[in-house]
Amino acid sequence: LFLETDVLTTKKISIEPKYDMAGVLNFCGNSEKKLYEEVGLELKPHTGCGGTIYTTDFFNKAKDNLNFVYDLYERRQKNFFQDLIMTMLCRKTNNCTYGFWEDCSDIRGYYRPTDQTYTNFINIPSSNYSSALVHSVKI
C-alpha cells in the first residue's frame, strides 16, 4: 500500500471500493478546466487525490493509454495535477470506472454524491477521522 505523506490511516479498510479508481471527489479550478477542454472530456468531479485506491484492473485496463499521460505532461506541465490526470486516464480508458469511496475522506472538505448519476452533491465542509483513509492531515 503506497500513500501520500499527508494521508492518515485510522483503521482497517472496511468498505470495499465499488470502482477501479475510488476516493473523495472534488471539482476543478480554472486551470484544470483548460485540460478538460483540451482533451475533449466533459467537466465532471475528479478523484485520485491522497487516499484514492486503485484496483489491479485499473492498471491492466489503462496500461495501453499511458502515452496519454506522457503527451499531456509534455504539453501542459503547469496544469499537470496527478489526481486530475489519473481521473482523465480512467475516463479515457474503456470500461474503467471511477467514483466516490465511502471509506476515504479529506480533512479540508470534499463532495459526496447524492445519487449514482453524479449530478447532485452534498458539500462536506470538513472531515472527521472516522474513515479508514483521511487525506490532507498535517502532523
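Visitor: How many helices and strands does the protein have?
Guide: There are four helices and eight strands; helices (H or I, at least four residues) and strands (E, at least two) are DSSP runs, numbered from the N terminus. This is a predicted model, in which local features need pLDDT of at least 70 and side-chain atom pairs count only at pLDDT 80 or more, while totals for chains, interfaces and linings use all residues. Residues are numbered from 1 along each chain as its sequence is written, and side-chain values use heavy atoms, with hydrogens and water left out.

Visitor: What pattern do they follow along the sequence?
Guide: The pattern is β-β-α-β-α-α-α-β-β-β-β-β.

Visitor: And how much of the protein is buried?
Guide: Buried residues (under 20% relative accessible area, with a 1.4 Å probe and protein chains only) make up 42% of the 139 residues.

Visitor: Changing topic, where is S136 found?
Guide: S136 lies in the segment after β8, which covers 133-135.

Visitor: Is S136 buried or exposed?
Guide: S136 is buried, having a relative accessible area of 7%.

Visitor: Which side chains does the side chain of S136 make a polar contact with?
Guide: One is the side chain of R108, at 2.8 Å, and another is that of H135, at 3.2 Å. A polar contact is a pair of N or O atoms within 3.5 Å; within protein, one must be able to donate a hydrogen and the other to accept it, and residues adjacent in sequence count only if both atoms are side-chain atoms.

Visitor: What else is S136 in contact with, leaving aside neighbours within four places in sequence?
Guide: With those neighbours set aside, S136 is in contact (heavy atoms within 4.5 Å) with D6, D106, I107 and R108.

Methods: Buried means under 20% relative accessible area, exposed over 50%, partly exposed in between (1.4 Å probe, protein chains only).
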